[in-house]
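User: Please take a close look at a single part of this model. I would like one connected account of it and of what surrounds it.

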Amino acid sequence: MSSPLPRRRFLRQLALGVAVAPFVGCASRSKGFEIGVIADPQYADIPDRGTRCYRASLAKLGAAVDHFNGRPLDFCVNLGDTIDREWRSFDEILKPMTACRHRWEHVLGNHDFALLDGEKTQVDARLGVAARHRCFDRPGFRFVVLDTGAVSTYATLAGSEARAEAAAEFARAKARKLPQAQDWNGAVGPKQLAWFEGVAADAARRGLKVVVFAHHPVAPAGSYDAWDATDVLGALGRHRNVVAWFNGHHHDGGFAAVDGLPCVTFRGMVETPDTNAFATARFLEDRVIIAGQGREPSRELVFRV
């Protein structure tokens, strides 16, 4: 178990806007550590639509939690779209998660805000999210959660300045005829991106590799990417200690290596009536080994140097 953060280091991290999570586990640099990964349960108590089987996600998530509980994981990450719609959906889909013996890190997706305006402001608290963009450290690594819906029409309130800014950004993306100019996507935005660059630079000074969790992909190029994927990729390229990007959103999954950086889109749990999709990921000093279950493929990804 790690010792408490020195006060000076803790204050520096606060100045950077770093949300420091307590570390409880048996991870070490030599043996590595393992996490659980899910994407897009997108639960709702509604009939199936096409390949999306919303009610089936309850049992699938329960099976994933059973698998995770049998392993010595450091934490589990949910890459977004916990629900498909309706506030009451949270009540049911969070039940399997509470049965998990490991801590959850939640990324917020576009469907998590398919709610009434008055409910949108309560999503963070419902999922126990202290900050939509944040980071925390493990031995040899810094994990960064980015909010790819920080600039979006779905997560902002009607009539707000944030909605107006998002609508303007969406209009610019459409004017540029970007394939990702879709209202189910969003952007990281310059303010959050500047924060990320500071966090990545600080990690480099500490000798930490950076792994990013997000909802939207940034590669390969396509209609599911963040509006500002090009700007995000530029920032990722400026920090060679960023070694992996994990996201959900595109239920078919995907993979791209951009300048040696592996970008993994995990497959959506909501797809198909009875075939699951989740994974564990073991982080070693020079690579990550993803053990996929069901529709999720296994991969071994060597970090760039």
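Analyst: In strand 9, Cys 263 is the bridge partner of Ala 256. The model is predicted, so local features are given only at pLDDT of at least 70 and side-chain atom pairs only at pLDDT 80 or more, while totals for chains, interfaces and linings use all residues. Residues are numbered from 1 along each chain as its sequence is written, and side-chain values use heavy atoms, leaving out hydrogens and water.

Strand 8 (residues 254–258) pairs with strand 9 in the antiparallel sense over 5 bridges; strands pair if DSSP finds at least two bridges between them, and a strand is a DSSP run of E of at least two residues, numbered from the N terminus. The two form a hairpin with 2 residues between them, and Asp 259 in the turn has a positive phi of about 55 degrees.

The loop between strand 9 (261–265) and strand 10 (277–283) holds Glu 271. Glu 271 is buried, at a relative accessible area of 8% (buried is under 20%, with a 1.4 Å probe and protein chains only). Its side chain makes a polar contact of 2.7 Å with that of His 251; such a contact is a pair of N or O atoms within 3.5 Å, one able to donate a hydrogen and the other to accept it, and residues adjacent in sequence count only if both atoms are side-chain atoms. Not counting residues up to four places away in sequence, Glu 271 touches Thr 51, Arg 52, Lys 60, His 251 and Arg 295, where contact means heavy atoms within 4.5 Å.

Phe 246, leaving aside neighbours within four places in sequence, is in contact with residues including Val 264, Phe 266, Ala 281 and Phe 283.

Methods:
Helix = DSSP H or I, 4+ residues; strand = E, 2+ residues; numbered from the N terminus. Buried < 20%, exposed > 50% of the residue type's maximum accessible area, 1.4 Å probe, protein only.
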